[in-house]
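Visitor: I would like to learn how to read a protein model. Could you take me through one, feature by feature?

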Amino acid sequence: MTKTIRALMGATALTAIGFAATAQETTITIATVNNGDMIRMQGLTEEFTAEHPDIAVEWVTLEENVLRQRVTTDISTNGGQFDVMTIGTYEVPIWGAQDWLVSLDDLPEDWDADDLLPAIRGGLTVDGTLYAAPFYGESSMVMYRKDLMEAAGLEMPEAPTWDFIKEAAAAMTDEDNEVYGICLRGKAGWGENMAFLTAMSNSFGARWFDEDWAPQFDSEAWANTLSFYLDLMTNYGPPGAANNGFNENLALFQQGKCGMWIDATVAASFVTNPNDSTVADQVGFALAPDNGLGKRGNWLWAWSLAIPAGTDAPEAAKEFVAWATSKAYTELVAEKEGWANVPPGTRTSLYENPAYQEAAPFAEMTLQSINAADPTNPTVDPVPYTGVQFVAIPEFAGLGTLVGQEFSAALAGQQSAEEALEAAQALATDEMEAAGYR
């Protein structure tokens, strides 16, 4: 029996997508995030169904925090709502180790697993088994307005310090014209503000836990991290920053409201696209900042397609995953929208492609940023965990979101940095004791 094909566009709105499902034998439901590359993938569904007329596709497209809640609940309860899930580098090792995901080691040979960037492939592999196919990979970097930097009499270094970022933010802020020197994530969530702040804290010498799993939010390094962030955003950030995540800051930057934005490298194609960005021809790129301690404030992530073990259509799901993460899909996007707009950060061959190098001025900086992130050695001092912008333990998703709420409240002026850190220390201590780490 064929299901009605639907697409959930944005956070909650369910709308029909326009291709017929008659005569199709298998329906797969795909859960994904409402980022630009995934919306583009959804728009190309007809290309897939033309090649696979026996497979129908239903889309559930959600805001990032909501997506994480939905897929985590579904897979942990074996709910079976989804046949393909968009998940990240945090979930894959944990879920793969629990046999919640289908192995992808049997994807077609021409899919070419050996072409995946080693850092990206490693993050999606458990005991030698690949459990997710990367749709796009990313680190984080500085995106900035070259015209505003020049007007401020400054020149962005390729590898800036946090002190330079603060100096430049002050110089570029023009509140009368609604231009703010810096836009950073403030929206609460382990993958929203805490992704940014955890990566930032690494460069300040902070860590979530010491080698005995004792929380470290009462450390000087965390105090320095949070106070610097709050000072930067309070003085030079946009109003309502506590509500801004990736998509909100992307819109602000494209509208010319941000002098600098430190966020995912995948945003580079959107801020340089003249169809969407009012400042497309004025964007420069630099490595994420450091404090001279040997670590930069950049992360490592891959939004990837994985198949939950509870699916009743594993073969059809594999067909879609192989299609959407293939070299041929990259070429399809390049043909329709140009090489600058293909999903970045997953394959070595892309960064060896002269057409991509010419079309994407951010390609080399993206690759440098990805290669510079080390999830096995993310901090200045030793830690018992892996992960750059997250701690790769099951408890982190809940704990990271709770801590993110405290830090977002501090950004909103509802409490001080000291109060937020004290609350974070208490939350982390209780969680680690309850989970048996301490």
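Visitor: Leaving aside neighbours within four places in sequence, which residues is A159 in contact with?
Guide: Contact means heavy atoms within 4.5 Å. By that test A159 touches L287 and R296. This is a predicted model: local features need pLDDT of at least 70, side-chain atom pairs count only at pLDDT 80 or more, and totals for chains, interfaces and linings use all residues. Residues are numbered from 1 along each chain as its sequence is written, and side-chain values use heavy atoms, with hydrogens and water left out.

Visitor: Where does A159 lie?
Guide: Helices (H or I, at least four residues) and strands (E, at least two) are DSSP runs, numbered from the N terminus. A159 sits in the loop between α6 (146-151) and α7 (162-172).

Visitor: How many aromatic pairs does a search of the whole structure find?
Guide: Rings of Phe, Tyr and Trp (its six-membered ring) pair if their centres lie within 6.5 Å. Planes under 30 degrees apart count as stacked, over 60 as edge-to-face, and the rest as tilted. The search finds 34 pairs. Take F246 and W261: their ring centres are 5.6 Å apart and their planes at 40 degrees, so this pair is tilted. F246 belongs to helix α10 (residues 246-254) and W261 to strand β11 (residues 258-264), 15 residues apart. Both F246 and W261 are buried.

Visitor: Why is the pair of F285 and F362 edge-to-face?
Guide: Its planes stand at 70 degrees, with ring centres 5.9 Å apart, so it counts as edge-to-face. F285 is in strand β12 (residues 283-287), while F362 is in the loop between α15 (354-359) and α16 (363-372), so the pair ties together parts 77 residues apart in sequence. Both F285 and F362 are buried.

Visitor: Now the whole chain. How many helices and strands does the protein chain have?
Guide: It has 18 helices and 13 strands. The radius of gyration is taken over C-alpha atoms, and the globule rule is 2.2 Å times the number of residues to the power 0.38. Here the radius is 21 Å, close to the 22 Å that the rule gives for 438 residues, so the chain is as compact as a globular protein of that length.

Visitor: What share of the residues of the protein chain count as buried?
Guide: Of the 438 residues, 60% do.

Terms used:
Buried means under 20% relative accessible area, exposed over 50%, partly exposed in between (1.4 Å probe, protein chains only).
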